[in-house]
Amino acid sequence: MARTRRRREAAAHEKARLKDMGAFETELWELDAKCTALLEQIRDGVVIVQDSLCKYANAAAAEMMGYGAEEIIGKSFLEFAAPESKESILDRYWKRMEGEPVPTLYEASLLRKDGTSFVAEVSASIVAYEGRRADMAVLRDITERKKAEETLKASEAKYRFLTESMTGIVFTVGLDMRTTYVSPSIERVLGFTPEERLKQRPQEQLTPASYKSVAEMLQRELGKERTPGELADKLFTLEAEYYHKDGSIRVMELTCRAIYDEHEKPTGIYGLCHDITERKRAEAELRASQEYAQSLIDSSLDMIISVDQDRRIVEFNLAAEATFGYSKAEVVGKHVDILYADPLEGQQVHKAASIANGFVGEVANKRKNGEIFPSLLSASILSDSEGRPMGVMGVSREITEIKQREKTINQQNREVAALHQVLTAMTQTFNLQEILDELVHEAGGALGSSYTSVMMVDEHGNLSIDAEDFQGVPPLSVRARPLGDTRRIIDTGEPVVVDNTESAADTNPALLDMGVKSYAGVPIKNGGQTVGVLFVHSLEPNAFDDRVSLLSGFASQAAIAIENARLYEEAKTVAVLQEADRLKTELLSNVSHELRTPLASIKGYASSLLRFFDRYPDEEKIDSLQEIDQASNRLNDLVENLLQMSRLEMAGLHIDKEPVSMLSMIDQAVADMEHKATGHRFVTRCARTVPAVDADPNRVQQVIDNLLTNAVKYSPAGTEITVSCQADEEEIVVSVRDQGRGIAKENLEKVFDRFFQERPGAAEGGVGTGLGLAICKRIVEGHGGRIWVESEHGKGSNFSLTLPLRATESDGG
Amino acid sequence: MATEHPTILVIDDDPALRKLLQRDLEMEGYRVMTARNGEMGLEMIRSLGPELVLLDIMMPGMDGFEVCERARQFTNVPIIMLTVKGQPDDMVRGMSIGATEYVTKPFHLDRLFDRIGTLLAQQ
C-alpha cells in the first residue's frame, strides 16, 4: 500500500532527521518523578501526549489553557487545538507517524477553557513516558508577539501603499530626452499613462521654455565624462513646466542623477519628480501678499514702524519718514528710543505691546529736530510663522491737530459755559455792583486773566473802576490807569489789544509792576453808546490777540444786564417819586381841607358880622369874634405843624437837650387837655418817681400833646384815657391808652408814616393833617427812643414811647 | 310849596360852622335843625322832611356823598353841598348823585343865602 510505503519512508526520514537535529532528541529519556517535579517549576507549559491522549500537563500549561491540570489529562490533545490549527496538527502528527520529517518548532492556535484562543509556539520532542514513547510539547504563549508582528506587517502594507500612491514620479530618460521609463504614478499627476508617455517626444511634454532649460541642463550635466574618483551620486534639481493631459501646465520639481555605463559614460538620467504647482502658487501668493503688505506699509498714511526683539527699528514707512523727519536708512537698526520724548515711555509701550492684547494709547514722540508731538499708537507683537515673537509693530498717527482742535473745542465749551454762567448770574440780579462783580469774575476766569476790571462812565462822563478781580496777583487796585486806552475805547467804541507791554509806549506803570505783559479792553455798549470798559490783563504776552470776540461777548452780555439794572433802578425811582407825588397830592388835599375848615369859620363869622352887624346884639358879635379868634388859632397850629414837618424833612431834627421831668410834663399835658372839656375821663398811672430824661422839653411836650390829642380825637366822649409812665434802668416808658375804635392791624405800622390818616378828617375840629404821628416818630427817634402802637380794632389803642435815661439823675414826682 | 318859615337841615361836623349857620339862618327867618354827622342827618331828612338841606361832604362816618345818594332814594328835597373839596371831579360827582347845588368853603354868607332863597322860591 502506498500508505504503508509512505510511512516506512517517513520513519526512515525521521531517523535521519533526528540524527541531524541532535540536541533535543538524540535519545529517549525517561521522565521520572524528579523530572516531573522539575517540570512543575518551569514557566513554559509542558504537555505529554501518549496515544493521542494527554497524559501529563504541568501547572504552567494548565494555567495557559485555563484548565486544571487534571482536566487536561485523559483528553485528546486535539481537543485543545483551535479549528484553524487542527488540520496542521493532525497533518504533522501523521507525518511524524509515517516517519516523515516534521519541524520540531511550530505554531498552533490553541483553545482555552473559556473558548478564547491563543497562539502558542510549540516545541515538540519525543520522550519516554511510563516506559513508552510519548510526545512532549513545550508551549509558549506568543499571542502578544504575533500581535506585534501583525502590526508591523500592517504598517509595511501601508508603506507599500504609500509608495505606490505617492505623487512622485520615477523616471529615466535617455540622452535624447525621451522617456525610457516612468512610474505609473504619472497618470495621477499628469494624466498620461506610462505607455502614452513613452511615445511622447520631449517637446510635447514640456513647455518651450522648460524644454529649453531642461535641455541645457542635461547638456551641461551629461556633456562631461565622469572622471574616476568623482562622487558618483551627484544630484541636481531643476524646476520645469510640464503639460498635463488636460492641457494645463504643472510645475514639477525634478531631482535627478546621471546614469553612467560601465565606461563611466552618461547614458541618461533617472530621477524623481514632484508636482509643485500648488506649492509654487502658494509661494507666489505669499510673495504677492508680502509685496502687497509692503506696498500697504509704504503707502499708509499712518506711520508704521516695527522693531525687533532688541527694540531696534526694522520697518519705517514713508509716513513715518515724513512725520519724524528721519529717512528710513537713518533709523533702521537704531534703537526706537530716539523716537520717544521719554525713552521710558518707549520701553513701557514695548512691554505692553509684547504681552496680552497689545498697546493702544497716546504717546509723546520726538521728531528729528527735537520737537515733541502727540500721537496715537496701536502696537502689537509681531510673530513669525511658528508663533515665535520677532518684535513689535506699531501703527500710529500724529494727533497734534486733533489735540489742538480738542483743546479749542474744550476752550470754546468753557467759554460758552462761562458766557452762559455770566448771563444767568447777571440776569438774576438788578444790582449793578453784583453784575459787575460777576462780570469780572467770569470774564477773567474764562480768559485766564490775572487782573480783570470794569470801568464805568457816569452821567458826567467821569470814569471809575467799579469792579476788579485778581487771580494770582496781589489785589492792588490799579487806580492810576492812564485814560489813554479807556478814552480811546470810549471814543471809538472799538476794542484795544496790547500784545506786549514791553513794546507798547504808554503802559500804566502799575500794570507793569504787576507783571502784566498783555491786555485787552472792550467797550460795554448800550444803544451805541459806550457806558463802560471791560479790561483783562495777563502776565503772558499775546494772551488775548484771538480772544477779543469772547471778551466782547462778555461785554455785550454785561451791557444787557447793566441796562436792565439801570431800567430797574429808574423804574424804582419813578415808583418812589410817584408815591411821593401821590402823598404830596394827598397832603395838599388834606392840608387844603384842614386849612379851609378854620378858614370857613373865619370867613363865615366875619361875613355874618358884616351882614347882621346892626341886627345882632353885642354878645352875638363878641361870640362871632371869639369864633374867628379860635379858628385863627387852629389855622396857626396847622400851619405851624406843616412848617415843622417841612423843616424835619428838609434839615433834620434840632434837639436842645436838658433834664426833663416826665411826670410833671404828663401832669401838665393832662391838665391842659382836661381844660378843653372834651368829655373824656383822664387817668394817670405813673410810678411815684421816675428819673429825669435828657431831652428837648418842647419836643417831648409836643409828642405827649399829640398822643393825647389823638386819643381824644379817636375815642368817644365819656370814655377813659389812661396815661402811664414807668422807668427801668435804661429807659422811661410813656403810654397813652384810649378806648376808641382802635386801629386796623394792617395799619399799625402805617400810622407813623407821613401823611397817613386812617380815616381822613375823622374828628370834629381835629388837626388831621396826617403829620402828627410822623412828627412824633421823628422826635422820639431823634432822642434815641422808640414809638409804637398796640391796638385791636374796636378795642382802643395804646401808644407807647421810650426815651433813654440819663444815668444818674432822678427827680421826684 | 314855600311856607312862611321853611325848615333847613344843616349837616356838618364842624361845630363852629354849625352854630354860625343855625344862628344866621334863624336870623333870616328859617327854622333850622342841625346834625353833626351823616347818619344822623340822613335820619333827620327822612323823619323831619326839611325844605332844604345844607350838607357837608367831608365827615367822619357816612360822608356827604353817601347821605345825598341815599336821600335821593326817597326825597327830591334841594340839597346844597358845602365842602372844601374844590376839585371839579368832586363837583361832578356831587351833581351826578343828585345834589342840587355845590358851594365850596369858605363861602360868603350873602351868596349862600341868595342860593337858599332862590331854591326855596322854586319849590
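Visitor: Leaving aside neighbours within four places in sequence, what is B:K105 in contact with?
Guide: B:K105 touches A:R596, A:A600, B:D12, B:L17, B:D56, B:L82, B:T83 and B:V84. Contact here means heavy atoms within 4.5 Å. A word on the numbering: residues run from 1 along each chain as its sequence is written, and chains are lettered from A, with ligands numbered from 1, in the order in which they are written. This is a predicted model, where local features need pLDDT of at least 70, side-chain atom pairs count only at pLDDT 80 or more, and totals for chains, interfaces and linings use all residues; side-chain values use heavy atoms, with hydrogens and water left out.

Visitor: Where does B:K105 sit in chain B?
Guide: In the loop between β5 (101-104) and α5 (109-122). Helices (H or I, at least four residues) and strands (E, at least two) are DSSP runs, numbered from the N terminus.

Visitor: Is B:K105 buried or exposed, and why?
Guide: B:K105 counts as buried because its relative accessibility is 3%. The cut-offs are under 20% relative accessible area for buried, over 50% for exposed and partly exposed in between (1.4 Å probe, protein chains only).

Visitor: Which side chain does B:K105 meet in a polar contact of 3.3 Å?
Guide: That of B:D56. The side chain of B:D12 also makes a polar contact with B:K105, at 3.1 Å. Such a contact is a pair of N or O atoms within 3.5 Å; within protein, one must be able to donate a hydrogen and the other to accept it, and residues adjacent in sequence count only if both atoms are side-chain atoms.

Visitor: OK, on to the interface. How many residues of chain B are in contact with chain A?
Guide: 25, against 26 residues of chain A.

Visitor: How many salt bridges between chain B and chain A?
Guide: Seven, each a side-chain nitrogen of Lys or Arg within 4 Å of a carboxyl oxygen of Asp or Glu. One of them pairs B:E28 with A:R611, with the closest N and O atoms 3.1 Å apart.

Visitor: Which helix gives the largest share of chain B's side?
Guide: α1(B), with eight residues.

Visitor: Switching to chain A: what's its secondary structure?
Guide: 23 helices and 29 strands. Of its 813 residues, 42% count as buried.

Visitor: And which residues touch the most other members of the largest nonpolar core?
Guide: A:M662, A:L708 and A:L801, in a core of 47 residues. A nonpolar core is a set of buried Ala, Val, Leu, Ile, Met, Phe, Trp, Tyr and Cys residues joined through side-chain atoms within 4.5 Å.
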